[in-house]
Amino acid sequence: MKKPSPGRPAGFSTRAIHEGYDPASHHGSLNPPVYLNATYSFDSIAQGQQRFAGEVPGYIYARVGNPTQSVLEQRLASLEGGEAALAVASGIAAITALLWSFIQLGDEIIADKTLYGCTFAFMGHGLSRFGVTTRFVDLTQAGALETAMTPATRFVFFETPTNPNMRVIDIAQVSRVTHAHGARVIVDNTYGTPCLQRPLELGADFVVHSMTKYLSGHGDLIAGAIIGGADELLTVRKVGLKDMTGAVLSAFDSFLLLRGIKTLELRMARHCESALILAGQIESHSGVVSAYYPGLKSHSQYELASQQMSAFGGMIALELHGGYDAGVRFMDALQLAQRAVSLGDAETLVQHPASMTHNNYTDEEREAHGISLGLVRISVGLENVEDLSADIMQALDHATG
Ligand SMILES: *Cc1c(COP(=O)(O)O)cnc(C)c1O
């Protein structure tokens, strides 16, 4: 990438558009080519041997790397402020490839008590079959982590803000406590995106993403990423990706992600602006018990969110009076917003965990995850905010009227 001017570091969007790619090396083609190939031919046996031995850079086989994917990875590393990045086939592939690369029999993971459902299933049910224990702790409570750490703790894992209930966790504080015990910190930055929050700069060791969400931004692919130190990322590529999961991202999806990321800063500005307006309106509706949005002064961690995020994101959770039935009435009354899981798309997506993602949980399990019957999650899209407001307000009237 060409530097804007001597001594001036390139800003976020400049890097999101240019980092890791020079059209001059590709016939002037403004967009990176999509390399549709499984394998790479070597000039000589000597060259092949050196590549396999890792003595010279170069591609060998597309499960391990692809030039389109490499541009994406350079861009991701730059945006998150990490030495290296690895793009993989899904958010869950990112989390599993990273952990499979380093954990061993007898290790412990400490995770926050609120996690994306499949992350919880992997740690709580999947890993326990292989002799790795995960303990779920409320990481918003200073002191809870210190008490929970043992000599076997290898990783501390959390999302912030958490999915779906928007709790905020202090990245710098958790990193200090974790490092004092010789363990490593992984932050799932899917909700924040590198545009609003950069966990590596606050002390975390690894960032993981579901790129399916804001980084893609268009709901047209499934992808994930890991960002961190160069040596460790090389291990994740050679072990977690190549041997343990094989969860490679396609060159075409890499291309779509490069396209989506060009507008990340623009899109996030609109998501944040609309979500702040809507959260305020939702909070003052009489049918709403509370609205959870870190940009509301009423949010119990507003101060912390203001310090570690540059803006508050596009996700809102709200608690309706009238429990499950009110939730269903609200959902069915929506006209413009879509009833759907996932998030971070141009379209506003609304989900009611009690009837959708957490439908098969017992009441006790839902309670333990902080998911009440009247909880609704909104991923605020890029539509006209007045249209969204009108739709959500009429659905709230309908739910509780
Ligand atoms: C969606 C999501 C995941 C899982 O990502 P996939 O791309 O669906 O595999 C992980 N963490 C968070 C916070 C998510 O929202």
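This is a predicted model: local features need pLDDT of at least 70, side-chain atom pairs count only at pLDDT 80 or more; totals for chains, interfaces and linings use all residues.
Residues are numbered from 1 along each chain as its sequence is written, and side-chain values use heavy atoms, with hydrogens and water left out.

A quick word on names. Helices (H or I, at least four residues) and strands (E, at least two) are DSSP runs, numbered from the N terminus.

Let's begin with the sheet. It is an open sheet of seven strands with mixed pairing, in the order E1-E7-E6-E5-E4-E2-E3. By pairing I mean that DSSP finds at least two bridges between two strands. At the edges sit strand E1 (84–88) and strand E3 (133–137), each of which pairs on one side only. From one strand to the next, the twist averages 20°. For angles here, axes are lines fitted to C-alpha atoms, for helices over the stretch in contact, and the angles run from 0 to 180 degrees between N-to-C directions.

Now some individual pairs. Strand E2 (residues 108–112) and strand E4 (residues 153–159) are parallel partners, with four bridges. If you want to find one, look at Ile 110, whose bridge partner in E4 is Val 156. Two helices lie on the sheet here. H5 packs on it and touches E2, E3 and E4, with a direction at about 130° to that of E3. Helix H7 (residues 171–180) also packs on the sheet, touching E4 and strand E5 (184–188), and its direction makes about 155° with that of E5. Touching, or contact, means heavy atoms within 4.5 Å.

Over to strand E7. E1 and E7 run antiparallel and are joined by five bridges, and Ala 84 has Gly 228 as its bridge partner in E7. Strand E6 (residues 206–210) is also antiparallel to E7, with four bridges; there, Val 207 has Ile 227 as its partner in E7.

So, how many of the residues of E7 are buried? Five of its five, in residues 224–228, so to speak a mostly covered strand. Buried means under 20% relative accessible area, exposed over 50%, and partly exposed in between, with a 1.4 Å probe and protein chains only. In a regular strand, the side chains alternate between the two faces of the sheet. In E7, Gly 224, Ile 226 and Gly 228 point one way, and Ala 225 and Ile 227 the other.

Next, two helix pairs. Helix H4 (residues 91–102) and helix H5 (residues 117–126) pack at about 25°, with their axes 10 Å apart. That angle makes H4 roughly parallel to H5. For that wording, angles under 35 degrees count as roughly parallel, over 145 as roughly antiparallel, 65 to 115 as roughly perpendicular, and the rest as oblique. H4 brings Ile 92, Ile 95, Thr 96, Leu 99 and Trp 100 to the contact, and H5 brings Cys 118, Thr 119, Phe 122 and Met 123. By class, these are seven nonpolar, two polar and no charged residues. Here Ala, Val, Leu, Ile, Met, Phe, Trp, Tyr, Cys and Pro count as nonpolar, Asp, Glu, Lys and Arg as charged, and the others, Gly among them, as polar.

The second pair is helix H11 (residues 264–283) with helix H15 (residues 385–400), whose axes come within 10 Å and cross at roughly 25°. H11 and H15 are therefore roughly parallel to each other. Their contact includes Ile 277 and Leu 278 of H11, and Leu 388 and Ile 392 of H15. In that contact we find eight nonpolar, three polar and no charged residues.

Most residues other than glycine have a negative phi, and most peptide bonds are trans. Now look at the loop between E4 and H7, where Pro 161 is found. The peptide bond from Thr 160 to Pro 161 is cis, with omega near -10°. Pro 164 is in that loop between E4 and H7 too, and the bond from Asn 163 to Pro 164 is cis, with omega near 5°.

Met 166 counts as buried, at 1% relative accessibility. Thr 193, in helix H8 (residues 193–196), has a positive phi of about 65° as well.
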